[in-house]
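Please read the following note beside the sequence and the model.

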Amino acid sequence: MKKSSYWRHVAVPALLFGAAAVQAHDAWIEPAATGFAVVFGHDGKLETALPSKVLKAQAIDAAGRSLPLRLDGLQLAVQGTPSLLLLHYDNGFWSRTPAGTKSGARNAVPGALGASHALKYGKTVQVWDAQASRAQGLPVEIVPLSAQAPAAGTQLPVQVLWDGQPLAGATLSWHDAGQDRDIRADAQGRATLPVAKGRQLFSVSARRPIANDARADTLSVSSALVFEAR
């Protein structure tokens, strides 16, 4: 199965970088009392996720196979042991107006100056095996470049991809000890991230213009990498 085909969105040219990812919302999957759950918000400050915005959830095992799962609202029940959990969350259209940002498409919000379509992707590493360092075909993805589980106090090399190609100069962000941090990737989309003890959430965000769409003029994408470090 070609993993990238399921997650593909229409690519558009001319990359634009906006604010750091810590200013954007992320969506990802994490363990819950009854299995797993979709969560939404900033690292350390969750907000209300909506089941209607969950477009796709996928569980990948150690061999790279998709595991059967049941999605009930925001709750996931997975058959088998997932190595990775992948998420596609569509946060809808957001219009810029003289009075501020409002929910809705450009052609539906009176006085809109422009609008963005916000897409969120999440990759949660449950078991650090060969799948962790393989691109899984998310349209925007943070790919670890180490096959070994990163320990607290070490550095994790990663590469950011957009539609399978390096995202030059991507800004990766995270929350550390009450402070927002970020680092700029190189021309190959590569960067080295500091690993602390506990749950890690690194995020990347980028924007591209959308042509010939009355609803929005900008595609705004964020993608999170989540894992536990000891």
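1. A salt bridge is a side-chain nitrogen of Lys or Arg within 4 Å of a carboxyl oxygen of Asp or Glu. The side chains of Lys123 and Glu141 form such a bridge, at 2.9 Å from N to O. Lys123 belongs to strand β10 and Glu141 to strand β11, 18 residues apart; strands (E, at least two residues) are DSSP runs, numbered from the N terminus.

2. This is a predicted model, in which local features need pLDDT of at least 70 and side-chain atom pairs count only at pLDDT 80 or more, while totals for chains, interfaces and linings use all residues. Residues are numbered from 1 along each chain as its sequence is written, and side-chain values use heavy atoms, with hydrogens and water left out.

3. Is Lys123 buried or exposed? Lys123 counts as buried because its relative accessibility is 1%, and Glu141 is likewise buried at 1%. Buried means under 20% relative accessible area, exposed over 50%, and partly exposed in between (1.4 Å probe, protein chains only).

4. Glu30 forms a salt bridge with Arg199, their closest N and O atoms being 2.8 Å apart. Glu30 lies in strand β1 and Arg199 in strand β17, 169 residues apart. Arg199 is partly exposed, at 32%.

5. The largest nonpolar core has 36 residues. Such a core is a set of buried Ala, Val, Leu, Ile, Met, Phe, Trp, Tyr and Cys residues joined through side-chain atoms within 4.5 Å. Ile142, Leu172 and Phe227 have the most contacts inside this core; contact means heavy atoms within 4.5 Å.

Methods
Helices (H or I, at least four residues) and strands (E, at least two) are DSSP runs, numbered from the N terminus.
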